[in-house]
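Have the structure open as you read.

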Amino acid sequence: KKYKFVAALYMLSDVLPPLANLSRAFQRKEVDFTVVKPLVQGTKATIDALLMTPGEHFQSLSTVLPELRQFGIGQPSDYEVQDFKRNVYEKYLIVLSCHITGRFPDVALFEGFGIFDPVGLTSDITTHATHGADMLRILTDHYGQHGIIDTEECQVELKTFNSVVASNAELKEMSVHQLMS
């Protein structure tokens, strides 16, 4: 039991930092929706990678255990180590990875909010109808299927929005969050 406790602490030492980074990203005053997908995917990839190759803390467990004998924590048997890895470590990471995916089912939708990013928007009026068209498609595919928005109307609004932003130096300097507010 003592080995399992220490092993769980070392496992969490590898797992909690990427989860904390993801959590902090959502606690900011201004969340940039355009980075939600890479943040979630990066966190999930890190958790999935830990499943394939345990993190540095968990890997160091076998070298730390002898130092813990003075606290009554003995060397576990090979069976105990494998049992923990199979029934706790691997199962926990698999469930955690599934929960991250389940918690953000529409993560790709957030990419669509990049439509408000003025970077790359030029004063060339011929590009105003197409700048952000891919991102607009992400949003209209999702919200259009629920009858909330009209796709053609959105395309007209996109051109107008792009023209207004492109013609105003102050707006072009704003962040995505500022333009959405």
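Lys37 and Glu111 form a salt bridge, with 3.3 Å between the closest N and O atoms. Lys37 sits in helix H2 and Glu111 in helix H6 (residues 107–111), so this pair ties together parts that lie 74 residues apart in sequence. Keep in mind that the model is a predicted one.

- Lys37 has a relative accessibility of 18%, and because the cut-off for buried is under 20%, Lys37 counts as buried.
- Glu111, its partner in the salt bridge, comes out at 33% relative accessibility and so counts as partly exposed.

**The pair inside helix H2**

- Asp48 makes a salt bridge with Lys44, and here the closest N and O atoms are 3.0 Å apart.
- Both Asp48 and Lys44 belong to helix H2, where four residues, or about one turn of the helix, separate them.
- Asp48 is partly exposed, at 29% relative accessibility.
- Lys44 is partly exposed too, with a relative accessible area of 25%.

**The pair inside helix H7**

- Arg137 and Asp134 are joined by a salt bridge whose closest N and O atoms are 3.0 Å apart.
- You'll find both Arg137 and Asp134 in helix H7 (residues 133–144), three residues apart, which is about one turn of the helix.
- Arg137 is partly exposed at 44% relative accessibility.
- Asp134 has a relative accessible area of 56%, and since anything over 50% is exposed, Asp134 gets that label.

**Pro54, in a loop**

- Where is Pro54 found? Pro54 is in the loop that runs between helix H2 (36–52) and helix H3 (56–59).
- Pro54 is buried, with 15% relative accessibility.
- Setting aside neighbours within four places in sequence, Pro54 is in contact with Gln59, Lys85 and Tyr89.
- Pro54 and Val15 are 39 residues apart in sequence, and their C-alpha atoms are 9.8 Å apart in space.

Definitions and conventions
Residues numbered from 1 in each chain as written. Predicted model: local features only at pLDDT ≥ 70, side-chain atom pairs only at ≥ 80, totals over all residues. Heavy atoms only, no water. Helix = DSSP H or I, 4+ residues; strand = E, 2+ residues; numbered from the N terminus. Buried < 20%, exposed > 50% of the residue type's maximum accessible area, 1.4 Å probe, protein only. Contact = heavy atoms within 4.5 Å. Salt bridge = Lys/Arg side-chain N within 4 Å of Asp/Glu carboxyl O.
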